[in-house]
Amino acid sequence: MKRFVLMFVSVLVCLCGCEKADVDINKLYGAWDECYDDKNFVMDGIVEYTFNADGTYQVYTYDALSGMTNTRTHEYTLKDNVITLNTANTDSSYSLSYTITKLNGSEMAWQKVGTSYSPGSNGSDYKHFKRK
C-alpha cells in the first residue's frame, strides 16, 4: 500500500510540474518581426507577421536585394499551443502547422509540427520572432 501511495504521489507531482513552456497565447496579437540570433543565418530583408483577434494575420515582406515589398492577408487557427496558418488566398486546404514553443510579451518561437530543431533549420522548420 505504501508503494502504491508513493507511486501515486510521484505521478501527481510529475503531472502538476509539466506545464507548457513559456507559452501565453493571449500575447499572440500584434506585430512580430521574424529574426534570428544565429550568426550562420542572415535574412536579406524583413518578414513581419501581424496577428489579429478575428483569426486573420498579415505577412509583410521586404526583399533588400530587389527592394520589393509585399503584404498578404490570410487566416489562422489556434488549438492549444499549435497555430495553423492558411497560406493561400483562395485554397484553404494549403496550410502549415507550428507548435508555439515560446510566447511571451517580447519573444515567440515556433517549431513546424512533425520536425525537431536542428542547426540550419532556421526559416523553414523553426521560426523565431521579436515583438515589433
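Biologist: Is Asp-80 buried or exposed?

Modeller: Burial is read from relative accessible area: under 20% is buried, over 50% exposed and anything in between partly exposed, using a 1.4 Å probe and protein chains only. Asp-80 has a relative accessibility of 54%, so Asp-80 counts as exposed. Asp-80 sits in the loop between strand E4 (69-79) and E5. Strands are DSSP runs of E with at least two residues, helices are runs of H or I with at least four, and both are numbered from the N terminus.

Biologist: What is the phi of Asp-80?

Modeller: Most residues other than glycine have a negative phi. In Asp-80 the phi is near 55°, a positive value in a non-glycine residue.

Biologist: Where is confidence lowest, and where is it highest?

Modeller: This is a predicted model, in which local features need pLDDT of at least 70 and side-chain atom pairs count only at pLDDT 80 or more, while totals for chains, interfaces and linings use all residues. Residues are numbered from 1 along each chain as its sequence is written, and side-chain values use heavy atoms, leaving out hydrogens and water. The score pLDDT is the predictor's confidence in each residue, from 0 to 100. Its mean is lowest in helix H1 (residues 2-17), at 39, and highest in strand E1 (residues 30-34), at 95. Over the protein the average is 78, with 69% of the residues scoring at least 70. Across residues 1-20 pLDDT stays under 50, and the model has two contacts (heavy atoms within 4.5 Å) for them beyond four places in sequence.

Biologist: In what order do the strands of the barrel run?

Modeller: Strands of a sheet pair through backbone hydrogen bonds, either parallel or antiparallel. Here a pair needs at least two DSSP bridges between the strands. Eight strands close into a barrel in the order E1-E2-E3-E4-E5-E6-E7-E8, with antiparallel pairing. From one strand to the next, the twist averages 35° (between N-to-C directions of lines fitted to C-alpha atoms, on a scale from 0 to 180 degrees).

Biologist: How many bridges join E3 and E4?

Modeller: E3 and E4 share seven bridges, and Tyr-62 has Thr-69 of E4 as its bridge partner.

Biologist: Which residues have the most contacts inside the largest nonpolar core?

Modeller: Nonpolar side chains tend to be buried together in soluble globular proteins. A core here is a set of buried Ala, Val, Leu, Ile, Met, Phe, Trp, Tyr and Cys residues joined through side-chain atoms within 4.5 Å. The largest has 16 residues, and Tyr-49, Phe-51, Ile-83, Leu-85, Met-108 and Trp-110 have the most contacts inside it. Strands E2 (45-51), E3 (56-63), E5 (82-86), E6 (95-103) and E7 (107-112) each give two or more residues to this core. Beyond four places in sequence, Leu-85 is in contact with residues including Tyr-49, Phe-51, Tyr-57, Tyr-76 and Trp-110.

Biologist: How many aromatic pairs are there?

Modeller: Rings of Phe, Tyr and Trp (its six-membered ring) pair if their centres lie within 6.5 Å; planes under 30 degrees apart are stacked, over 60 edge-to-face, the rest tilted. The count is 10 aromatic pairs. Phe-51 and Tyr-57 are stacked, at 5.6 Å centre to centre and 25° between the planes. Phe-51 and Tyr-76 are edge-to-face, at 5.4 Å and 90°. Phe-51 is in strand E2 and Tyr-76 in strand E4, so this pair ties together parts 25 residues apart in sequence. Both Phe-51 and Tyr-76 are buried.
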